[in-house]
Amino acid sequence: MKFRTVCAWCNRLISEKECPETKNSLALSQNGVMISHGICERCRKNLETIYGLNKRSK
């Protein structure tokens, strides 16, 4: 079974890994693929820029 992580903002694929099948994962998967969401590097940087995050104070 595949486990995919996609960006919640732009829907870009972040990672795809093989994982063991369980009864729950088979019931929750679609066509043998489980999907989770995260944030990709590009969207993270855009959000940091928009909201002024990760700026070093002097």
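Analyst: Start with E16, which is found in strand β2. Strands (E, at least two residues) and helices (H or I, at least four) are DSSP runs, numbered from the N terminus. This is a predicted model, where local features need pLDDT of at least 70 and side-chain atom pairs count only at pLDDT 80 or more, while totals for chains, interfaces and linings use all residues. Residues are numbered from 1 along each chain as its sequence is written, and side-chain values use heavy atoms, with hydrogens and water left out.

User: What is pLDDT, and what is its mean for the protein chain?

Analyst: pLDDT is the predictor's confidence in each residue, from 0 to 100. The protein chain has a mean of 88, and 93% of its residues reach 70 or more.

User: Where is confidence lowest and where is it highest?

Analyst: The lowest mean is 77, in helix α1 (residues 23-28). The highest is 96, in β2, the strand where E16 is found.

User: Which residues does E16 touch?

Analyst: Leaving aside residues up to four places away in sequence, E16 touches K2, F3 and R4. Contact here means heavy atoms within 4.5 Å. With R4, the side chain of E16 makes a side-chain polar contact at 2.3 Å. A polar contact is a pair of N or O atoms within 3.5 Å; within protein, one must be able to donate a hydrogen and the other to accept it, and residues adjacent in sequence count only if both atoms are side-chain atoms.

User: And which residue forms a salt bridge with K2?

Analyst: K2 forms a salt bridge with E16, and their closest N and O atoms are 3.5 Å apart. K2 lies in strand β1 and E16 in strand β2, so this pair ties together parts that are 14 residues apart in sequence. The term salt bridge means a side-chain nitrogen of Lys or Arg within 4 Å of a carboxyl oxygen of Asp or Glu. K2 counts as partly exposed, at 31% relative accessibility.

User: Which residues are linked with K2 in a network?

Analyst: Salt bridges link K2, R4, E16 and E18 in a network.

User: How many salt bridges are there in the whole structure?

Analyst: A search of the whole structure finds 6.

User: Let's move to helix α2. Which residue forms a salt bridge with E41?

Analyst: E41 forms a salt bridge with R44, with the closest N and O atoms 2.2 Å apart. The two side chains also make a polar contact at 2.2 Å. E41 and R44 are 3 residues apart in helix α2, so about one helical turn separates them. E41 is partly exposed at 45%, and R44 is partly exposed at 30%.

User: Which residue does R44 meet in a salt bridge at 2.5 Å?

Analyst: The side chain of R44 meets that of E48 in a salt bridge, 2.5 Å from N to O. R44 and E48 are 4 residues apart in helix α2, so they too are separated by about one helical turn.

User: Is E48 buried or exposed?

Analyst: E48 counts as buried, at 18% relative accessibility. Not counting residues up to four places away in sequence, E48 touches L53 and N54.

User: How far apart are Y51 and E16?

Analyst: From C-alpha to C-alpha, E16 and Y51 are 29 Å apart in space, and in sequence they are 35 residues apart.

User: New topic: where does N11 lie?

Analyst: N11 lies in the loop between β1 (2-7) and β2 (13-18). N11 counts as exposed, at 56% relative accessibility. Phi of N11 is near 70 degrees, a positive value in a residue other than glycine. Most residues other than glycine have a negative phi.

Terms used
Buried < 20%, exposed > 50% of the residue type's maximum accessible area, 1.4 Å probe, protein only.
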